Amino acid sequence: MQDHPPDRDALHALLDFHVEAGVDLALDETPHNRFAEAPPPALERRAEPQQETLRSAPAPSSPPRALPMVAAGAPEDAALLAREQAKHAQSLEELEAILRQFDGCALKFSAKNLAFSDGNPQGRVMLVGEAPGADEDRIGKPFMGRSGQLLDRMLAAIGLDRTHVYVANIVPWRPPGNRTPTPQEVAICKPFIARQIELASPEFLLCLGGPAAQNLLDIKDGILRTRGRWFTYKTGDGRDIRTLPTLHPAYLLRQPLQKRLGWRDFSALRRALDGKE
Ligand code: URA
């Protein structure tokens with residue numbers, strides 16, 4: 001037990017711990033042991049029979065708590081709504097504006113920012129990752145942190161930078177604590193990334209990591225099986241885009257020996273851009 005109030009730093013550290021652990025909603029100010037609590041007392045009968053209608057009214061209690069801001073409704077409804085809204089966007093700017101208004105994905109309410117895109121939407125290549133991390137969430141753009149720096153070095157090795165490529169994620173809001181987005185969150189966001197690809201209409205698509213490859217290409221194989229093989233991504237408006245899954249830069253940071261595989265994939269992209277593959 002503490003006999004003095006914790007200082008600000010200790011409170012910040014505790015808050016950081018909760019955020020990193022994935023706690024994304026404050027339901028109450030104090031914890032409750034629901035097993036130890038007695039069941040709520042039955043409502044007292046009021047004496048005056050003429051106040052019959054008041055009998056079942058709840059007893060006055062503490063002031064109402066603010067409701068947590070979470071997406072309402074079933075995930076299937078949200079995915080349906082996303083599909084409906086995404087198809088109305090006639091430009092990437094419109095799509096971003098629609099996404100900013102969209103409340104169907106609960107990740108929006110724990111994220112600081114929407115990380116919609118970076119780079120050049122007119123570029124011949126579009127890169128798609130999984131979801132923003134802490135740096136991307138703070139800045140509001142994909143691939144801003146250490147993975148983004150490695151990505152930039154890999155692009156530079158084949159003569160590209162972000163003025164040549166367009167960058168996005170399958171989920172545009174940071175999942176709390178950098179957890180993997182749930183299948184429901186991915187399904188809700190999918191119509192938006194699909195429309196984003198359609199509107200950017202790149203010549204080549206690079207899926208960064210297994211989740212991007214599996215979700216965009218509707219395949220189950222892991223990234224170590226699919227990387228380096230050309231696939232076809234079919235847009236909703238009938239275009240075929242040559243698509244190459246490759247290892248995620250965050251994985252390469254953890255497994256530097258695998259960078260040679262990443263290098264092979266980026267070399268394949270270079271050859272394709274030069275019309276040699
Ligand atoms: N990892 C991703 O998949 N996307 C980002 O934007 C950053 C890290």
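User: Cys-105 first: buried or exposed?

Analyst: Cys-105 is buried, at 0% relative accessible area. Buried means under 20%, exposed is over 50%, and partly exposed is in between, with a 1.4 Å probe and protein chains only. Keep in mind this is a predicted model, where local features need pLDDT of at least 70, side-chain atom pairs count only at pLDDT 80 or more, and totals for chains, interfaces and linings use all residues. Residues are numbered from 1 along each chain as its sequence is written, and side-chain values use heavy atoms, leaving out hydrogens and water.

User: OK, ligand next. Which residues are around the ligand?

Analyst: Gly-129, Glu-130, Ala-131, Pro-132, Glu-136, Pro-142, Phe-143, Asn-169 and His-248. Each has a heavy atom within 4 Å of the ligand. By class, that shell has four nonpolar, three polar and two charged residues. The classes put Ala, Val, Leu, Ile, Met, Phe, Trp, Tyr, Cys and Pro under nonpolar, Asp, Glu, Lys and Arg under charged, and the others, Gly among them, under polar.

User: Switching topic: which residues of helix H8 are buried?

Analyst: In H8, residues 210-217, they are Gly-210, Ala-212, Ala-213, Leu-216 and Leu-217. Helices here are DSSP runs (H or I) of at least four residues, strands (E) of at least two, numbered from the N terminus. Their cover includes strand E2 (125-129) and helix H7 (183-200).

User: What follows H8?

Analyst: Asp-218, with a positive phi near 55°.

User: Last one: what is Glu-277 in contact with?

Analyst: Beyond neighbours within four places in sequence, Glu-277 is in contact (heavy atoms within 4.5 Å) with Trp-230, Arg-242, Ala-268, Arg-271 and Ala-272. Its side chain makes a polar contact with the side chain of Trp-230 at 2.9 Å. A polar contact is a pair of N or O atoms within 3.5 Å; within protein, one must be able to donate a hydrogen and the other to accept it, and residues adjacent in sequence count only if both atoms are side-chain atoms.
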